[in-house]
Amino acid sequence: MIKYRSDIDGLRAIAVGGVVLFHALPWSLTGGFVGVDVFFVLSGYLITAIICGEARRGEFSIGRFYERRFRRIMPALVLMAVATTIASIIILSPRGLIDYGKALVGVATFTANIVFWEDTGYFAPDAGDMPLLHTWSLAVEEQFYILWPFVAAYFARKKNQRPLRIFVILTVLVSLALSTVGVKFYKDLTFYMLPTRAWELGLGAMLAVGAVPAIRKQAYREAAALLGVLLILVPMVFYTEAVPFPGPFALPPCLGAVLLIHAGDKAQTLIGRFLSLGPILYVGLVSYSFYLWHWPVLVLPRLAMNRPLTTVEAIAAIVAAFVLAALSTKYVESRFRGRGTWQMTRKQVLRTSAGTATVLAAIGIVLVSTNGLFEYVSPAVQAAEIANDDYNPRRRACHAEQAGASGKLGDLAKCVSGKPDATPGYDVLLWGDSHADHLMPGIEAIANARNLEVRQATVSRCSPVSQYVAYVEHPAACAKIYQTALAEAASQKDLDAIVISSSWSAVLPKIYEKVAHHDAVETERLFAGALRSIVAEVHKAVPAARIIVVGTTPEFDIVPPKCFARDGKLGIDDTECADRIPTDAQWGPVADRVIEALSREGVTVALPRRAFCQGVMCHTRLNGHILYYDDDHLSVAGSRVAGPVIMAKLNRSER
């Protein structure tokens, strides 16, 4: 056994504190997520030191290694997973339970990092809906310890320790190189996967195998400790989610952890004494349970209330998680760890761990296979769940998630709707981004009744405005696909109208943020100029076509189907889901005002927002139909509210 060091437990407190503050109050510590990287270094150091020490004494046993690991991690993990599962079954919608079930299988099999890599990015908005997201880091550690004990013990038994040191150093270098390249091209994969994280555990292992020269003078140790704590705290304060991570940006906090551990190896430093102070030390001692409990305690109440936690609520959640951590450490962790009061043989520990993991995995499989217990929820909840997938049926075939370099449009045969007449081609072109795509079902329904043919040519994140305003991204691929659409439209003999729609509410704040002095008047002027340029380009390409510019539809801070499903699940009033102040309450009306002004210049304008809103409040449900499938895109039902507003304008512009 290696000697106990209180400063290491104090370092755990810094690590867990950073992570918890980042999750609970992200504005307070925008880079607190680097605490996980500190944990990786600590784990690599401690576990490798134990393995090598036992191997050199001829005492290493793989059975005993896994017994210790399971005693250390399983009791508290199982308790948290069971409590979180019960709460999730009560709170989460069927769709949420499907994702939860997958995550639970990942927790049970230590593959949670793979599950979350496939489903979401760590910093993605929907990551906050996953109560077990934080278990990805445990999975990375346990995957590391599948092979590492064998490798470390094999080399450690040899008299010459140089091969072990070389192996660890090479592992660190190769993994760091993979992480550096991967963070640029495969961000989520690099964040979650062991090969691109192994170097962080390897840095700790380098200390344990003596691959780092000793610090012999106390003054140097003091300086190393001070530099170490700065290398951790500065990234916690100044890093943000925008930092490409891990890669080279993970080096400072990891090296900081290395310096702190190394500086206190032979003699305690002033920083080490500070980290050993009672309150800090106690947080470190309960850090594992604190890490386990903090995330579900933050996530589940927010999901139940269908809104972000207030600062006071977030602080209360942290306090509750800490209390649970203290109780879990005292009555669960300590009873199983080492020679705890609940004595079990090695076989019993391994069998019990395997058995509980199997039960958790089985529960997860049941949740997935029953579609999140779909058959057991009320009809209202089922209807809300169905609305999640109530998007344009042509989206997969006719809407591009990003513009391709070729500028190729969706297949004409699949992307023209309506009733064809004797003349080949189409009558209406729907042109724009995803906020044009979501209008297609409503336009199509009326087109069918009028014997009109509508062509969809839409692509995400390619607002037509982007070609004319320098403040908005304008990739060449977007310009090419729009030019392709206009060229095709120009070849249509009976083309009557081009309907242009985009997420104008998203474009305006981008202009506003970058325009000098945040000038609202200048923002509107640039936006209006861009719209006129779009109209002019369309007129030039297709002179005979009428132009219909479609205004905004409301955007929200909730996903309405999820909101209705959760309120229905909990049996509470869903009025706050149905009628809300939209998040684009500022920019949506501004965009509509600028667009409406185009009508004085001979452009046909359709403003569907008025069909959704009364005053400042806007509907997400109308006549029993949910109008959105996510926070800002209309469902088929919502599209059929907007469609008549647009097609009525087409009537007025008919020749």
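Two strands pair if DSSP finds at least two bridges between them, and helices (H or I, at least four residues) and strands (E, at least two) are DSSP runs numbered from the N terminus. In this structure, three strands form an open sheet in the order S7-S10-S9, with antiparallel pairing. The edge strands are S7 (579-580) and S9 (613-614), each of which pairs on one side only.

The model is predicted: local features need pLDDT of at least 70, side-chain atom pairs count only at pLDDT 80 or more, and totals for chains, interfaces and linings use all residues. Residues are numbered from 1 along each chain as its sequence is written, and side-chain values use heavy atoms, with hydrogens and water left out.

**The open sheet**
- S7 is joined to strand S10 (residues 617-619) by two bridges, and the two run antiparallel.
- Arg580 stands opposite Cys618 in S10.

- All five residues of strand S3 (residues 428-432) are buried, where buried means under 20% relative accessible area, exposed over 50% and partly exposed in between (1.4 Å probe, protein chains only).
- Val428, Leu430 and Gly432 lie on one side of S3, Leu429 and Trp431 on the other, and both faces are covered.
- S3 pairs in the parallel sense with strand S4 (residues 453-459) over five bridges; the bridge partner of Gly432 in S4 is Thr458.
- S3 also pairs in the parallel sense with strand S5 (residues 497-501) over five bridges, and Val428 stands opposite Ala497 in S5.

**The second largest pocket**
- A pocket is an open set of points on a 1 Å grid over the protein atoms alone, where a 1.4 Å probe fits, with protein on both sides within 12 Å along at least five of seven lines; lining residues have an atom within 4 Å of a point.
- The second largest pocket is lined by 44 residues, and Arg12, Leu46, Ile50, Arg72 and Arg337 lie nearest its centre.
- Helices that each supply at least two residues of this lining include H1 (6-24), H2 (35-56) and H3 (62-91).
- H2 gives the most to the lining, with nine residues.

**Asn306**
- Asn306 is placed in the loop between H14 and H15.
- Asn306 is buried because its relative accessible area is 10%.
- Leaving aside neighbours within four places in sequence, Asn306 is in contact (heavy atoms within 4.5 Å) with Ile558, Lys562, Cys563, Arg566, Asp567 and Cys577.
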